[in-house]
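Dear colleague,

Please find below the sequence and structure that I am handing over to you. My notes on what was found follow directly after them.

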Amino acid sequence: KNFGDIYSNLDIKYKFKPCPKNISEDRKYIVSGQNGNILTKKGHDMNGMGTICDIIFRKDGIYSWKIKILKTFDYNISIGVAPSDFNIHSSYSTYGWYFYLRDSSLRSGPPHNYEFHKTNLKKARNEIIVIMNMKKRTLKFIVDNEDKGDSFTDIPIDKPLSPAVLLYNNDDSIEISKYN
């Protein structure tokens with residue numbers, strides 16, 4: 001009764017799935033690490049680059065993962081969830097729900113339509129824990145051990161969702177792993 005939340009992802013190994021092959025040549029990235037869990041941006045295209053983990057959330061699960069910042073120029077990184085069929089060529093805010101590390105804002109498309117929505121979360125410097133509760137349709141970010149509660153509520157789950165990361169600067173690098 002006092003165990004706290006029980007997470008359904010204990011056996012999940014988070015690994016990155018490549019972006020669609022038709023992205024422009026200067027938006028390359030490298031997937032590395034023993035389990036394909038490290039992502040490094042290559043190229044100087046500031047339009048952004050996205051990738052998504054090779055995981056599809058079940059509609060009744062609670063999922064948690066940790067993003068560790070390995071290298072960054074200026075924290076120009078967005079972390080969150082996106083529909084598994086997201087379009088890398090569209091505006092990032094139309095295909096997911098994100099915490100933007102550079103200015104600690106929330107960004108999303110419908111139904112929230114956040115663009116630079118300020119939060120009371122501090123700027124990330126080391127790691128971000130992300131918790132997606134599919135049953136409650138909520139997304140929470142714990143930034144450097146600071147938990148401010150749910151950042152997004154009523155997230156639509158009509159399309160399959162997966163963890164997503166947007167890296168913007170050349171050589172920015174992050175590592176994803178399960179949490180708990």
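I begin with Thr 40, which is found in strand S3 (residues 38-41); strands, like helices, are DSSP runs numbered from the N terminus (E, at least two residues, for strands; H or I, at least four residues, for helices). Please note that this is a predicted model, in which local features need pLDDT of at least 70 and side-chain atom pairs count only at pLDDT 80 or more, while totals for chains, interfaces and linings use all residues. Residues are numbered from 1 along each chain as its sequence is written, and side-chain values use heavy atoms, with hydrogens and water left out.

Thr 40 and its surroundings

Thr 40 has a relative accessible area of 14% and is therefore buried. Here buried means under 20% relative accessible area, exposed means over 50%, and partly exposed lies in between (1.4 Å probe, protein chains only). The side chain of Thr 40 makes a polar contact with the side chain of Ser 173, at 3.0 Å. A polar contact is a pair of N or O atoms within 3.5 Å; within protein, one must be able to donate a hydrogen and the other to accept it, and residues adjacent in sequence count only if both atoms are side-chain atoms. When neighbours within four places in sequence are left aside, Thr 40 is in contact with Tyr 29, Ile 30, Leu 167, Asp 171, Asp 172 and Ser 173, where contact means heavy atoms within 4.5 Å.

The phi of Asp 171 is near 75 degrees, a positive value in a residue other than glycine. With 24% relative accessibility, Asp 171 counts as partly exposed. Asp 154 also has a positive phi without being a glycine, of about 55 degrees. This residue lies in the loop between strand S12 (146-152) and S13, and Asp 154 is partly exposed, with a relative accessible area of 46%.

Strand S6 and its partners

Strand S6 (residues 77-83) is mostly covered, as 7 of its 7 residues are buried. Ile 77, Ile 79, Val 81 and Pro 83 point one way from the strand, while Ser 78, Gly 80 and Ala 82 point the other way. S6 pairs in the antiparallel sense with strand S13 (residues 161-167) over 7 bridges, and two strands count as paired if DSSP finds at least two bridges between them. In this pairing, Ile 77 stands opposite Leu 167. S6 also pairs in the antiparallel sense with strand S7 (residues 97-100), over 4 bridges, and there Gly 80 stands opposite Tyr 98.

Salt bridges

The structure holds 7 salt bridges, each being a side-chain nitrogen of Lys or Arg within 4 Å of a carboxyl oxygen of Asp or Glu. One of them joins the side chains of Glu 127 and Lys 66 (4.0 Å, N to O). Because Glu 127 lies in strand S10 (residues 127-133) and Lys 66 in strand S5 (residues 62-71), the pair ties together parts that are 61 residues apart in sequence. Both ends count as partly exposed, Glu 127 at 21% relative accessibility and Lys 66 at 25%.

Asp 74 forms a salt bridge with Arg 102, and the closest N and O atoms are 2.7 Å apart. Asp 74 lies in the loop between S5 and S6 and Arg 102 in the loop between S7 and strand S8 (105-108), so this pair ties together parts that are 28 residues apart in sequence. Asp 74 is buried, at a relative accessible area of 19%, whereas Arg 102 is partly exposed, at 36%.

The loop between S7 and S8 also holds Asp 103, which counts as partly exposed at 21% relative accessibility. The side chain of Asp 103 makes a polar contact with the side chain of Ser 105, at 2.6 Å. The C-alpha atoms of Asp 103 and Asn 76 are separated by 8.6 Å, the two residues being 27 apart along the chain.

The chain as a whole

The protein chain has 0 helices and 14 strands. Of its 180 residues, 51% count as buried. Among contacts between residues at least 6 apart in sequence, 60% join residues at least 24 apart.

With kind regards
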